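Subject: The structure we talked about

Hi,

Here is the structure for you to open alongside this note. My notes on what turned up follow below it.

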Amino acid sequence: MAFGLPDKGAGASDVQSILFGVYLKALWAAMDGVDCVLSGCAVTAQASPDMTVAVAKGSVLTAGVLKPVTAGNVTITAADSTNPRIDLVVVNSSGTKAARAGTAAAN
């Protein structure tokens, strides 16, 4: 089922609409029982080392398969000097934590 976001492109910034779309996709996958966090996996920014986030121990479903997630750090790549971007912290099909960098853009 496709969702439309009526406010995308209508305002000064699409960030809210883009985030809402990401949240809707994640919610839909979780409701289908395909891709979701089952427990834990909280992500928190760290002051040192810079540009890393801590991921708590937990478990996820990826492509409908249960994967344990060990606690550990994920490194975020350097940001664009001008434009913001949205990065995702993910668990891939082998259960490994990673950061998926977004595309920097003015909107």
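Two residues are in contact here when they have heavy atoms within 4.5 Å of each other. Among contacts in the chain between residues at least 6 apart in sequence, 31% join residues that are at least 24 apart.

Some housekeeping before the rest. This is a predicted model, where local features need pLDDT of at least 70 and side-chain atom pairs count only at pLDDT 80 or more, while totals for chains, interfaces and linings use all residues. Residues are numbered from 1 along each chain as its sequence is written, and side-chain values use heavy atoms, with hydrogens and water left out.

The overall layout

Along the sequence the pattern reads α-β-β-β-β-β-β-β-β. Of the 107 residues, 21% count as buried; buried means under 20% relative accessible area, exposed means over 50%, and partly exposed is in between, with a 1.4 Å probe and protein chains only. The chain exposes about 7200 Å², and carbon and sulfur atoms supply 60% of that. Those areas come from the Shrake-Rupley method with a 1.4 Å probe, and for residues only the protein chains shown count as cover.

The pocket

Rolling a probe the size of a water molecule over the atoms shows where empty space is left. A pocket here is an open set of points on a 1 Å grid over the protein atoms alone, where a 1.4 Å probe fits and there is protein on both sides within 12 Å along at least five of seven lines; lining residues have an atom within 4 Å of a point. The largest pocket has a volume of about 1000 Å³, that being the space filled by probe spheres set on the points, with grid points joined across faces, edges and corners.

Which residues lie nearest its centre? They are V22, A26, L88, V89 and V90, out of 30 lining residues. The elements giving two or more residues to that lining are α1 (15-31), β1 (36-40), β4 (58-62) and β7 (88-91), and α1 gives the most, with 7. By class, the lining has 21 nonpolar, 4 polar and 5 charged residues. For that count, Ala, Val, Leu, Ile, Met, Phe, Trp, Tyr, Cys and Pro are nonpolar, Asp, Glu, Lys and Arg are charged, and the others, Gly among them, are polar.

V22 sits in helix α1 and is partly exposed, at 32% relative accessibility. The C-alpha atoms of V22 and L88 are separated by 9.9 Å, though the two are 66 residues apart along the chain.

The largest nonpolar core has 7 residues: C41, V53, V55, V60, V69, V74 and I76. A core of this kind is a set of buried Ala, Val, Leu, Ile, Met, Phe, Trp, Tyr and Cys residues joined through side-chain atoms within 4.5 Å. Leaving aside neighbours within four places in sequence, V60 is in contact with C36, V37, L38, C41, V65, L66, K67, V69 and V91.

C41 is in the loop between β1 and β2. It is not a glycine, yet has a positive phi of about 65°. C41 counts as buried because its relative accessibility is 11%.

Is K67 buried or exposed? This lysine, in strand β5 (residues 65-69), counts as buried because its relative accessibility is 19%. Beyond four places in sequence, K67 is in contact with G58, S59, V60, T62, S93, S94 and G95. T62, in strand β4, is buried too, with a relative accessible area of 13%.

Two loop residues

P49 lies in the loop between β2 (43-45) and β3 (52-55) and is partly exposed, at 43%. Its C-alpha is 9.1 Å from that of T75, 26 residues away along the chain. T82, in the loop between β6 (72-75) and β7, is exposed, at 64%. T82 and A105 are 23 residues apart in sequence and 8.6 Å apart in space, C-alpha to C-alpha.

Cheers

Key: Helix = DSSP H or I, 4+ residues; strand = E, 2+ residues; numbered from the N terminus.
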